[in-house]
Amino acid sequence: MNQLQVLPMQKGWIYEAIISTFSKGEPHAAPIGVWTEDFDTLHMEIFDSSQTLRGILDTGRFVANFPSDVGTLHTALFHPELLSFERSQDASAPVLLGSAATVELVLRQAMPVAERVRITGTVVRASARAEIKLINRAAGLLVESLILATRLRYLDAAAVRESLAENYRVIRKVAPGSTCETTMAELLRDIDLPS
Ligand SMILES: Cc1cc2nc3c(=O)[nH]c(=O)nc-3n(C[C@H](O)[C@H](O)[C@H](O)COP(=O)(O)O)c2cc1C
């Protein structure tokens with residue numbers, strides 16, 4: 001139980017993973033944001049058109065691979081031929097080699113939500129390296145927002161404010177209750193933008 005506690009995850013925060021599954025018998029992988037509410041299941045929302053979604057629905061088995069660097073997200077999207085896989089312990093899904101953490105999942109629920117399907121997977125096995133750092137977008141967005149705020153008076157103010165408001169929306173979505181969220185709210189107040 002609570003197998004996801006081997007990963008440094010916060011409840012409700014969204015982390016960037018590479019979801020792998022067999023699609024027409026071949027390993028297939030794509031970056032997808034995942035989160036947990038109970039440390040026993042992982043949730044994700046995947047666009048209808050996705051080959052990854054098709055593989056999950058066809059096989060009922062998939063793996064959340066947490067990369068050690070952002071470059072692997074790029075490789076998965078644009079150079080998938082460079083990815084290497086091994087089979088999961090029961091051979092039902094491909095596991096991405098070189099990941100900082102691996103979570104094997106069995107499909108529990110697939111629920112349509114506006115052009116996407118919300119997938120819930122029950123954790124079968126989870127392992128993580130000791131010094132793992134998960135990828136969450138909030139810190140990067142806060143850094144970008146701070147830089148943008150320093151440019152407010154030199155750039156088109158309306159466009160900067162729109163970008164900051166969007167960054168705040170995403171920070172609240174991917175890291176609810178975080179210090180990034182409170183710092184971002186403070187920043188918007190400091191520059192007189194309602195949060
Ligand atoms: C960091 C990152 C996060 C992503 N998160 C999602 C997601 O949560 N859901 C989704 O459907 N697509 C997401 N995508 C886009 C998919 O990876 C992309 O559409 C991919 O081409 C789907 O590939 P497929 O058709 O091979 O499954 C994300 C992309 C990146 C780079």
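Strand β2 gives the most to the shell around the ligand, with five residues. The structure is a predicted model, in which local features need pLDDT of at least 70 and side-chain atom pairs count only at pLDDT 80 or more, whereas totals for chains, interfaces and linings use all residues. Residues are numbered from 1 along each chain as its sequence is written, and side-chain values use heavy atoms, without hydrogens or water.

The ligand is surrounded by 13 residues, and the closest are His-28, Pro-31, Glu-45, Ser-50 and Thr-52 (a residue is near the ligand if one of its heavy atoms lies within 4 Å of it). By class, the shell holds six nonpolar, five polar and two charged residues; Ala, Val, Leu, Ile, Met, Phe, Trp, Tyr, Cys and Pro count as nonpolar, Asp, Glu, Lys and Arg as charged, and the others, Gly among them, as polar.

A backbone N or O atom of Pro-31 lies 2.7 Å from a ligand oxygen. For Glu-45, a backbone N or O atom is 2.8 Å from a ligand nitrogen, and a polar backbone atom of Phe-47 is 2.8 Å from an oxygen of the ligand. Taken alone, the ligand exposes 640 Å², of which the protein buries 66% (Shrake-Rupley method, 1.4 Å probe). Two or more residues of the shell come from each of β2 (26-34), β3 (41-47) and α1 (51-59) (DSSP runs, with at least four residues for helices, H or I, and at least two for strands, E).

Phe-39, in the loop between β2 and β3, has a positive phi near 65 degrees. Most residues other than glycine have a negative phi. Phe-39 counts as buried, at 14% relative accessibility (buried is under 20%, exposed over 50%, with a 1.4 Å probe and protein chains only). Glu-115, in the loop between β7 (101-113) and β8 (116-128), also has a positive phi, of about 65 degrees, but counts as exposed at 60%.

Definitions and conventions
A polar contact is a pair of N or O atoms within 3.5 Å; within protein, one must be able to donate a hydrogen and the other to accept it, and residues adjacent in sequence count only if both atoms are side-chain atoms.
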